[in-house]
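The exercises below ask you to read a structure residue by residue, and each is followed by a solution that goes step by step. Please work through each task before turning to its solution.

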Amino acid sequence: MTETRILQVLLVLLILLEWKMLLYLLLTVIIVYLLLARPRAEPIAGVYEQAGYFGWLKQIFMFIVIKLNKRKSKNAVGNKDAGFGLKAQSDISVMESPQPLQDHPLACDAVWFGGGNREGVYLVISGARRKLDILESMVYLHIPGVGLLRHENHPETAMVQDTGEADGWKGGGVSLIPIEPMKRWSISFEGTMVNNEEETSHQVKIVANYSSKLPHFDFDSEMDAWTVARAMSREPWSREYFERLRAAHQNHYEQFGDVEGVVEIDGEEFKLDITVMRDHTHGSVRDWKLLHRYCFHQFTTVSGLRGFLGVVSQPGTLSLIEMGWVYNRGEKFPVQEVTLEPWNLGEGGKDVGDFGFRFKAGGEWFNVQVSLAVDEKGEAFFGSDWDGRVIERFCRYSINGEEGWGVSEWEYRNRMGKQNL
């Protein structure tokens with residue numbers, strides 16, 4: 001073949017390759033245009049956003065951002081800048097103390113204790129410090145043979161704090177006092193409680209201590225980055241979206257431990273010896289109107305596996321986020337995935353009591369079966385117009401076939417208002 005012929009062939013190939021590259025480029029532009037022009041998939045049940053065509057790209061981007069945040073700073077950055085891989089506070093004595101309430105009518109500083117034992121004793125006791133010397137509190141106690149008792153004020157949770165109580169988690173007979181950071185708390189209650197089934201009143205006194213040697217879990221800095229990124233990827237992004245996300249963030253940590261003490265009901269004493277989870281949410285505001293619902297499960301198994309996990313729906317910021325953690329074989333692991341689909345479980349406001357789901361933590365999948373150990377449930381309302389309806393359920397669990405027990409807390413947005421209930 002002559003040199004001229006070779007040059008002609010090369011020229012033809014070059015032309016063909018250029019046209020092929022142009023054709024590829026044109027096809028790419030058409031595909032991207034069609035994807036962008038197509039409307040987003042409708043939210044499930046009108047609430048739960050779906051990721052859309054570029055969800056995977058958004059998830060990868062946010063994963064990188066969160067990972068860079070964690071690498072950028074191992075130190076505390078304060079309440080305002082915490083979250084997405086950055087912790088608010090490192091000093092546990094500061095973390096465990098009552099926090100100054102923000103200059104906002106919905107400022108909140110809340111603690112919660114809840115759990116049970118194999119014999120069927122369950123306790124939920126909480127306190128959320130609010131403006132105007134209000135403590136939003138729940139007290140539920142189940143003793144086999146006695147039944148489920150509730151605070152006499154329930155379903156109302158707002159209780160006026162007396163002089164000297166506003167600087168701590170005290171009010172309505174409830175007293176929750178940190179004694180030694182991340183190790184010991186004093187838990188007490190004294191007042192009237194009502195039998196949930198018989199509607200009879202009883203004088204109840206609880207004197208107990210919380211103790212733990214286990215590590216705490218900081219949701220600001222220890223949640224699984226891929227899981228958080230997945231939740232954010234489902235949402236439509238804008239500058240306003242990220243501003244809402246930052247404004248709605250709450251600093252939150254949890255710890256597993258044990259509560260031991262004595263319960264006195266109308267002069268009769270009962271032993272209190274239960275495994276619990278406790279939490280502390282602070283440095284933020286809490287607006288119950290923003291929450292659509294959440295489904296959480298706290299459990300302990302006979303082998304010592306402990307967990308607190310579930311899903312939260314807050315439309316406008318995170319319409320569905322899987323969250324939680326487990327303590328397993330001496331280590332803590334963030335939840336990576338939860339298959340619980342809230343739109344298939346009591347979306348209309350009626351919680352279900354016998355169901356199953358799966359979750360993944362530490363690279364391991366766990367099968368969960370939930371059943372009610374107690375038919376009676378606690379019901380409480382939060383917010384000035386009873387904006388949030390909380391259901392406390394006392395459960396039996398089967399985790400990978402192993403027996404467990406604990407408390408399941410479900411919340412629904414109440415749009416009827418206090419006066420219409």
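**Exercise 1. Positive phi values in loops**

Find the loop in which R329 is found, and state what phi R329 has. Then treat D133 in the same way, asking in which loop D133 lies.

*Solution.* In this predicted model, R329 is found in the loop between strand 16 and strand 17 (331-338). Its backbone has a positive phi of about 55°, although R329 is not a glycine. The next step is accessibility: R329 has a relative accessibility of 66%, and since the cut-off for an exposed residue is over 50%, R329 counts as exposed.

D133 lies in the loop between strand 2 (122-130) and strand 3, and its phi is near 55°, again a positive value in a residue other than glycine. The relative accessible area of D133 is 40%, so D133 is partly exposed.

**Exercise 2. A peptide bond and its setting**

Determine whether the peptide bond from H154 to P155 is cis or trans, and locate P155 among the strands.

*Solution.* The omega of the bond from H154 to P155 is near 15°, and the bond is cis. As for its place, P155 is in the loop between strand 5 (147-151) and strand 6 (158-160).

**Exercise 3. The two sides of helix 6**

Identify the buried residues of helix 6, explain why they lie on the same side, and say what they pack against.

*Solution.* Helix 6 covers residues 239-248, and its buried residues are Y241, L245 and A248. These residues cover an arc of only 75° around the axis, and therefore they are on the same side of helix 6.

Turning to the partners, the buried residues of helix 6 pack against helix 5 (225-233), strand 15 (306-314) and strand 16 (318-328). The face turned away from the buried side carries R239 and A247, which are exposed.

**Exercise 4. Aromatic pairs**

State how many aromatic pairs the structure holds, and classify the pair formed by F61 and W237 and that formed by F217 and F219.

*Solution.* The structure holds 22 aromatic pairs. In the pair of F61 and W237, the ring centres are 6.2 Å apart and the planes stand at 55°, so the pair is tilted. F61 lies in helix 2 (residues 55-72) and W237 in the loop between helix 5 and helix 6, so the pair ties together parts that are 176 residues apart in sequence. Both residues are partly exposed, F61 with a relative accessible area of 47% and W237 with one of 28%.

The rings of F217 and F219 form a pair with a distance of 5.1 Å centre to centre and an angle of 85° between the planes, and this pair is edge-to-face. F217 counts as buried at 1% relative accessibility, and F219 counts as buried at 9%.

**Exercise 5. A buried threonine**

Decide whether T301 is buried or exposed, and list the residues with which T301 is in contact.

*Solution.* T301 lies in strand 14 (residues 293-301). Its relative accessible area is 2%, and T301 is buried. When its neighbours within four places in sequence are left aside, T301 is in contact with I399, E402, E403, G404 and W405.

Technical notes
Residues numbered from 1 in each chain as written. Predicted model: local features only at pLDDT ≥ 70, side-chain atom pairs only at ≥ 80, totals over all residues. Heavy atoms only, no water. Buried < 20%, exposed > 50% of the residue type's maximum accessible area, 1.4 Å probe, protein only. Helix = DSSP H or I, 4+ residues; strand = E, 2+ residues; numbered from the N terminus. Arc of directions from axis to C-beta. Contact = heavy atoms within 4.5 Å. Phe/Tyr/Trp six-rings, centres within 6.5 Å; stacked < 30°, edge-to-face > 60°.
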